[in-house]
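I opened my notebook and went through this one step by step. Here is what I looked up, in the order I got to it.

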Amino acid sequence: MPVKQATFVTSSSHHTQCPPPDYPEVAFIGRSNVGKSSLVNMLTNNKKLAKVSGKPGKTQLINHFLIDESWFLVDLPGYGWAKVAKTEKEKWGEMIHDYIMDRENLFNIFVLVDSRLEPQPIDVAFINWLGEKGIPFSLIFTKADKQSKNKTQSSIAHYKRVLKKYWSKLPMSFITSSTTQEGREEVLNYIDEIISTSNS
Ligand code: GTP
Ligand code: MG
């Protein structure tokens, strides 16, 4: 699916401030620094659309981008900041928790994980929480340019083995690099499929 026009709409600190739910929406989530904002820019071919930083914690709000006047792409802050978190609200942050639970036009969440890392407990906990709540999601393994294809493949195979301990059916997954644009077409075509079901 080509992207012709991408515009920043608004930043919200609460899901009730988000734009009216008039278009189907997909969101990027994951730990800070995993590459959510970079992926927004890569998909939209606009290096300046979402703010990127080498320092964790750059994105602090729920950022809505309108794509081709037909769907919203949402860039979220990183989760897992609270040191002692007991409830899900504390673990993911109230803003993220309430947005996911209440946003009626949210069709899919892309959970971004670094393709070089072992499954991180906070990511596995988040994935399991989405699964338990029946919230549709997919996985994106980011920063694939930072290691060999073989290493990425074995790291992903290991990741899937870990998730298989909890789930019999694994979610759809993608490998991306915001530097080489690897995975761009695959992710955009998948979003196209998702949003087409919203019109039928
Ligand atoms: P927060 O907003 O803090 O939650 O982080 P984020 O997940 O939005 O990460 P961001 O896109 O700001 O990227 C973090 C750092 O990783 C930046 O220095 C990016 O340039 C770098 N980065 C992101 N994606 C890639 C990638 O695919 N390849 C490489 N080599 N670097 C990447
Ligand atoms: Mg960001």
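**Ground rules.** This is a predicted model, where local features need pLDDT of at least 70, side-chain atom pairs count only at pLDDT 80 or more, and totals for chains, interfaces and linings use all residues. Residues are numbered from 1 along each chain as its sequence is written, chains are lettered from A and ligands numbered from 1 in the order in which they are written, and side-chain values use heavy atoms, with hydrogens and water left out.

**Overall build.** I looked up the secondary structure and found six helices and seven strands in the protein chain. Helices (H or I, at least four residues) and strands (E, at least two) are DSSP runs, numbered from the N terminus. From the N terminus on, I wrote the order down as β-β-α-β-β-α-α-β-α-β-α-β-α.

Next I checked the radius of gyration, which is taken over C-alpha atoms; the globule rule is 2.2 Å times the number of residues to the power 0.38. For 200 residues a compact globule would come out near 16 Å, and the protein chain agrees with its 16 Å. I also noted that 48% of the 200 residues count as buried. Buried means under 20% relative accessible area, exposed over 50%, and partly exposed in between (1.4 Å probe, protein chains only).

Are Ser37 and Thr59 buried or exposed? Both are buried.

**Helix H1.** Eight of the nine residues of H1 are buried, so the helix is largely enclosed by the rest of the structure. Among them are Lys36, Leu39 and Met42.

**The largest pocket.** I got a volume of about 390 Å³ for the largest pocket. A pocket here is an open set of points on a 1 Å grid over the protein atoms alone, where a 1.4 Å probe fits, with protein on both sides within 12 Å along at least five of seven lines; lining residues have an atom within 4 Å of a point. Of the 29 lining residues, those closest to the centre are Asn33, Val34, Gly35, Lys36 and Ser38. H1 gives the largest share of the lining, four residues.

**Single residues.** Asn33 lies in the loop between E2 and H1, and its phi is positive, near 80 degrees, though the residue is not glycine. Asn33 is partly exposed at 35% relative accessible area. Asp68 sits in the loop between E3 and E4, also with a positive phi, near 45 degrees. Its relative accessibility is 24%, which I logged as partly exposed.

Last, I checked Ser13, in the loop between strand E1 (6-12) and strand E2 (25-30). Ser13 touches Leu61 and Met95, not counting residues up to four places away in sequence; contact means heavy atoms within 4.5 Å.

Definitions and conventions: Grid points are joined across faces, edges and corners, and a volume is the space filled by probe spheres set on the points.
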